[in-house]
Structures are given as C-alpha cells and as structure tokens.
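Trainee: I would like to learn how to read a structure like this one. Could we take the features one at a time?

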Amino acid sequence: MSDEFEGVKPSRRGFLTGAAAAGAALGTAGMAKAEGERLITEVQDWATGLGDGVDVTPYGMPIEFEGDVVRRNVEWLTADTISSINFTPIHALDGTITPQGCAFERHHSGAIEMKKSDYRLMINGLVDTPLVFTYEDLERFPRMQKTFFLECAANTGMEWAGAQLNGAQFTHGMIHNMEYTGVSLRTLLEEAGLPDDISGKWLYVEGADASSNGRSIPLEKALDDCMIAFKANGEALRKEHGYPVRLVVPGWEGNLWVKWLRRMEIMDAPVESREETSKYTDTLADGTSRKWTWVMDAKSIVTSPSPQAPIKHGKGPLVITGLAWSGRGAITAVDVTIDGGKTWQQARLAEPGKDMALTRFYLDIDWDGQEMFLQSRAVDSTGYVQPTKGALREVRGLNSIYHNNCIQTWWVKADGEAENVEIS
Ligand SMILES: Nc1nc2c(c(=O)[nH]1)N[C@H]1C(S)=C(S)[C@@H](COP(=O)(O)O)O[C@H]1N2
Ligand SMILES: [Mo]
C-alpha cells in the first residue's frame, strides 16, 4: 500500500471500536441481529449464477422493485391530461437532485417534440440587432452550470381551505431540483445589443408550444441570474421539461421557466398576458388581488415519515427527513417539531444551503412510539421564517391558489401511519 493512504485508513483497533459502538446502538432498537440470518449464512441464487452483461442495458431504468417511485396525478385535478400537472414522488427520494424521469410536469397544451435541427431562438424588440440562434449557435457561447429548484406557484395550492391531499407528493410535489448547464441570458441578450437604459424595461419570453406560455420578466432579473439551459443533471433535457432548450429563472415561480423557448422580446412595458393576469395572480383575504408575485418564499416539508412513507419499524431510532428551499437565497436553518409546535429542535442540514436550490435536512430521534404532530419550519439567509397556516391565511384568506408556503402538519399515529391534518 502506498504511503498516502496511511493517514486515511482506519486502524484495525479503531475500526473494531466503531463497529462495536454501532452494534450497541442498533441492538437497543432490536435490529441488526446476526443470529439465524439465513440471507447471510446461506448461499443465495444471485451468487450461484451470472448477472446481466454490460450489453443488456444501454440506458438504465430503475430496478423493478422501485417501480412505485413515479410521478402521480390527482384525479380531480386531471380531468384533461394535456393541460395538466403531475407530481414528483418527493416522499420516496433522498438527497436533493430530482431525476428527470420522475420530476413533475406541467403543460398548458401538452409536451411537444422538436428536433434540435428544427430549434430556433429569436431575440427582438429593443435590441441593436434582432437575432435568431440555432441550437448549435447556443452551444458556442461560454457555458455555465448551476443547480436550482423549480416550484410551480400552485404547489400546495389545494390546501388553503383545509388539509386535502394525503401525501407529500400531492401537497408539495410540484417541485424539482436539477443541475442545469447552459448559457447565461445576459450573454445572449448582450449579443443582440442591450438598450442604453435598461431601467423599467421588460423581457417577454414565449415557448414554441401552442400555449406559448408567454410571460413578462423585468429585464433586471433577466440580466441578473437567468440562464437558458440545454442540459439537466448532465444529460439533455427530457422532452417534457422543454427539449431542447428551456429558460431558468432562479427562485421565481415555475410558470416563468418557459419550455421549448422560442422568442424573447425586450419591451418597455409588460405584456400582461393571460399567464400573468387571469392566472398567477393571488387573491387576498379582502377579495382584492395582487400580481407580480414572482419569488417563491422559504418553505419546507417533512418527506418521511409522511402519509405515503409511514413508519414500519416501530419505536426506537427514527430518521426524520425533508426538503427546504427559498427563492430569496439559501436555507440557513430548519427546525422540526414532533409535538405540533410546542417544542422545536434544529435539524441537521445534509449540506450547507445553496442559493435557490433544495436543501436536505435530517433529524435523528429515538421515537417513543407515541403519536406525533410533525412539522418543519425553514429559515432563509434573509432571516425570513416560514409562516404557520394561520398566519398566512390572515393575509391571504381561504380562496387563494398560488404561493402557499405555510408550515405543513403530519399526524403520525402510534401505528406509524401518517395523515395530513391542520392544528389550530
Ligand atoms: N412553453 C411552456 N413553458 C412552460 C409551461 C408550458 O405549458 N409551456 N408550463 C409552465 C409551468 S406553469 C411550470 S410550473 C413549469 C413546469 O416545468 P416542468 O414541466 O419541467 O416541471 O414550466 C413552465 N413553462
Ligand atoms: Mo406552474
């Protein structure tokens, strides 16, 4: 063994001590018993024959036993599957990156199929030179790579008037988090030549699908941190996420992240399109509405245990885990309560929070087997604290849809099953 490994290899004594300590901790929980473990002591089928060759799976799918980790619909929201939505199985995922294959989809007129060779992107309006780029043109600009969450403004929107949907996938699954590769929007807009004075200017963005999903973005935001992405999690965007090119608008509502991006026009006023007037406008408690609520405020959710991820192992060591995010910056802390908010404990962040990306949190407890009212509460780098449902309702009333970032409660019963409830 070469010298550079000496320092990192655990000494035999250290290793044994570690193993003994772990054994003791697990022993109290009644798990990890060596005695009578036939899966260890007897030779199994998979060890007597050969496995698949490397030619069997040119592109891999999850193993069949994970077949329930899939997008799901809510039937009464899905009368029409073309202008519709499905949900990410966040209750069954861990870490922070959402695989494209189970990342929720939202289409206003279905997912369209376009070849890279047919792709064109136009920049026009108040620019020096209107331009049309091919896909290959876009690949020749300096690239950037960053991870961001996309949350539909309607995520948790069914929960305003009461606890409705039984599962984190359904209450909070209109979210995904991917590592994007692409070109900064500023780079492209500068190529076309920006107006001398950008203040008060807008960028109207639209997609190539029949709905076009046109939205107006303040030019300041477009030049700040937006990007046009052609890769997600290292591979080409999937058709349903906008292949070959989508807009990435960090921290802002998903509706602005135009898929199959086709045209961007610099204007001196917003368009006030359907998607930013009759939709994506928030009704308030007094019946009036507010618009231009682009930023997704800090929010968190316990993904397990939860209604679709009940506790099956009984009392003892329990890993409570979930996700937190903020459109205004990074998550700095997540608190968890098991008694409906009487007492809070600070959860462990798996990694320090990153700006406008999902953060994974864990709280390891010794569960006494009694019912719990489980909640999580996110704090972001602006100091903002995720509000209770009651506090949010005071401002927003019961008839809102979008931007519901309230604290969620799971009632975990003594048998480990969990239910979506509200506590007053
Ligand atoms: N062209 C186009 N872009 C679109 C949409 C659409 O229907 N057409 N839906 C928007 C909405 S409302 C959301 S929440 C996100 C969803 O992105 P996803 O399908 O990748 O999850 O895309 C946005 N971009
Ligand atoms: Mo959305």
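Mentor: We can start with the ligand. A residue counts as near a molecule if one of its heavy atoms lies within 4 Å of it. Keep in mind that this is a predicted model.

Trainee: Which residues come nearest to ligand 1?

Mentor: There are 22 residues around ligand 1, and those that come nearest are F104, H108, H241, R246 and K259.

Trainee: How far is a polar side-chain atom of H108 from an oxygen atom of ligand 1?

Mentor: For a polar contact, the pair of N or O atoms must be within 3.5 Å. The distance for H108 is 2.7 Å. The side chain of H241 also places an N or O atom 2.7 Å from a ligand oxygen, and for K259 the corresponding distance is 2.5 Å.

Trainee: Next, N86. Where is N86 placed, in terms of strands?

Mentor: N86 sits in the loop that runs between β1 (84-85) and β2 (106-107).

Trainee: Is N86 buried or exposed?

Mentor: Buried means under 20% relative accessible area. N86 has 9%, so it is buried. A polar atom of its side chain lies 2.6 Å from the backbone nitrogen of E105. Beyond its neighbours within four places in sequence, N86 is in contact with R71, R72, N73, F104 and E105. F104 is also among the residues that come nearest to ligand 1.

Trainee: Now a helix. Which residues of α7 are buried?

Mentor: An α-helix has 3.6 residues a turn, so residues three or four places apart point the same way. In α7 (residues 389-396), the buried residues are K389, L392, R393 and R396. Seen down the helix axis, they fall within an arc of 100°, so they line one face of α7.

Trainee: What covers the buried residues of α7, and which exposed residues are on the face turned away?

Mentor: The cover includes β13 (282-283) and β14 (289-290). The face turned away carries E394 and V395, which are exposed. After α7 comes G397, with a positive phi near 75°.

Trainee: Last, the sheet. In what order do the strands of the open sheet run?

Mentor: The order of its 5 strands is β4-β3-β12-β7-β8, and the pairing is mixed. An edge strand pairs on one side only; here the edges are β4 (131-134) and β8 (215-218). From one strand to the next, the twist averages 20°.

Trainee: How many bridges join β3 to β4?

Mentor: Strand β3 (residues 120-125) is joined to β4 by 4 bridges, and the two run antiparallel. In this pairing, L121 stands opposite F133 of β4.

How values were computed:
Residues are numbered from 1 along each chain as its sequence is written. Chains are lettered from A and ligands numbered from 1 in the order in which they are written. This is a predicted model: local features need pLDDT of at least 70, side-chain atom pairs count only at pLDDT 80 or more; totals for chains, interfaces and linings use all residues. Side-chain values use heavy atoms; hydrogens and water are left out. Buried means under 20% relative accessible area, exposed over 50%, partly exposed in between (1.4 Å probe, protein chains only). A polar contact is a pair of N or O atoms within 3.5 Å; within protein, one must be able to donate a hydrogen and the other to accept it, and residues adjacent in sequence count only if both atoms are side-chain atoms. Contact means heavy atoms within 4.5 Å. The arc is that of the directions from the helix axis to the C-beta atoms. Two strands pair if DSSP finds at least two bridges between them. Axes are lines fitted to C-alpha atoms, for helices over the stretch in contact, and angles run from 0 to 180 degrees between N-to-C directions.
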